[in-house]
Amino acid sequence: MTTISTLFHAGLRTAVAAALCAVSLGVAAHGGSVGDIAIGHPYATPSIPGTTNGAAYLALIENKGAVADRLVRASTPAAARVEIHTMNVDVQGVMRMREIEGIALAPKEKVQMKPGAGLHLMLIGLKEPLKEDATFPMTLEFERAGKVEVKVIVGQPKPGGAAASGHVH
């Protein structure tokens, strides 16, 4: 025999589950996917006061397919242009950045971007400073998969957090 209490609790569990799904879907909009490419946790670090450039990162780009692809372009209304950069430290200990033509993604390959570790998206000519907790759209273009828009969140990466672990939403 079903009681009103049992029906109430079943309804409450369903409502809570639906709310959790809605929250998960909202977070999922932060990353994105196009074709066989999955993008996890796009973020930017707050800009340095007085500068007009910034940096954005994709905690994870994953090619889930059987065919190679390549990130070839990025753009955002938050900056005049976006360049794909690599960074390394030379033998004298000087950090050097240079623009590259794209990021190759072999089949089943995962690539991570994080501050101080190689690849990043250089935001040149910021329209306004990047402030903690702000967001902005960015369009990524892949050679085979095409274009996808992601939401970039501005914040400092946390050690062992989403950016460090390549967490994908």
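His41 lies in strand E2 of this predicted model. Its phi is positive, about 50°, although His41 is not a glycine. His41 counts as buried because its relative accessible area is 15%, below the 20% cut-off. Most residues other than glycine have a negative phi.

- Asp133 sits in the loop between E9 and E10.
- Asp133 is exposed, with a relative accessible area of 63%.

**Overall fold**
- The protein chain has 2 helices and 11 strands.
- Along the sequence the pattern runs α-β-β-β-β-β-β-β-β-β-β-β-α.
- The chain has 169 residues, and 38% of them count as buried.
- Take the contacts between residues at least 6 apart in sequence: 68% of these join residues at least 24 apart.
- The accessible surface is about 9,700 Å². Carbon and sulfur atoms account for 59% of that surface.

**Nonpolar core**
- The largest nonpolar core holds 35 residues.
- The residues with the most contacts inside this core are Leu71, Leu121, Leu123, Phe136, Met138, Leu140 and Phe142.
- Elements giving two or more residues to the core are E2 (37-44), E3 (53-63), E4, E5 (79-89), E7 (103-105), E9 (120-126), E10 and E11.
- Strand E3 supplies the largest share of the core, 6 residues.
- Beyond its neighbours within four places in sequence, Met138 is in contact with Ala56, Ala74, Ser75, Thr76, Val82, Leu121, Leu123, Val148, Glu149, Val150 and Val152.
- Two of these partners, Leu121 and Leu123, are on the Met138 contact list and are also named among the core residues with the most contacts.

- Asp69 belongs to strand E4, which spans residues 69-75.
- Asp69 is buried and has no salt bridge.
- The Asp69 side chain does reach the backbone nitrogen of Arg144, at 2.8 Å.
- Setting aside neighbours within four places in sequence, Asp69 is in contact with Ile37, Asn63, Ile103, Ala104, Leu105, Phe142, Glu143, Arg144 and Ala145.

**Salt bridges**
- The whole structure contains 4 salt bridges.
- Arg70 and Glu143 form one of them, with N and O 3.2 Å apart. This pair links distant parts of the chain, 73 residues apart: Arg70 is in strand E4, and Glu143 is in the loop between strand E10 (135-142) and strand E11 (146-154).
- Arg70 is partly exposed, at 25% relative accessible area.
- Glu141 and Arg73 form another salt bridge, with the closest N and O atoms 3.4 Å apart. Here too distant parts of the chain are linked: Glu141 in strand E10 and Arg73 in strand E4 are 68 residues apart.
- Glu141 is partly exposed, with a relative accessible area of 22%.
- The side chains of Arg96 and Asp90 also meet in a salt bridge, at 2.9 Å from N to O.
- Arg96 is partly exposed, with a relative accessible area of 47%.

Terms used:
Residues are numbered from 1 along each chain as its sequence is written. This is a predicted model: local features need pLDDT of at least 70, side-chain atom pairs count only at pLDDT 80 or more; totals for chains, interfaces and linings use all residues. Side-chain values use heavy atoms; hydrogens and water are left out. Helices (H or I, at least four residues) and strands (E, at least two) are DSSP runs, numbered from the N terminus. Buried means under 20% relative accessible area, exposed over 50%, partly exposed in between (1.4 Å probe, protein chains only). Lys and Arg count as positive and Asp and Glu as negative; His and the chain ends are not counted. A polar contact is a pair of N or O atoms within 3.5 Å; within protein, one must be able to donate a hydrogen and the other to accept it, and residues adjacent in sequence count only if both atoms are side-chain atoms. Contact means heavy atoms within 4.5 Å. A nonpolar core is a set of buried Ala, Val, Leu, Ile, Met, Phe, Trp, Tyr and Cys residues joined through side-chain atoms within 4.5 Å. Accessible areas come from the Shrake-Rupley method with a 1.4 Å probe; for residues, only the protein chains shown count as cover.
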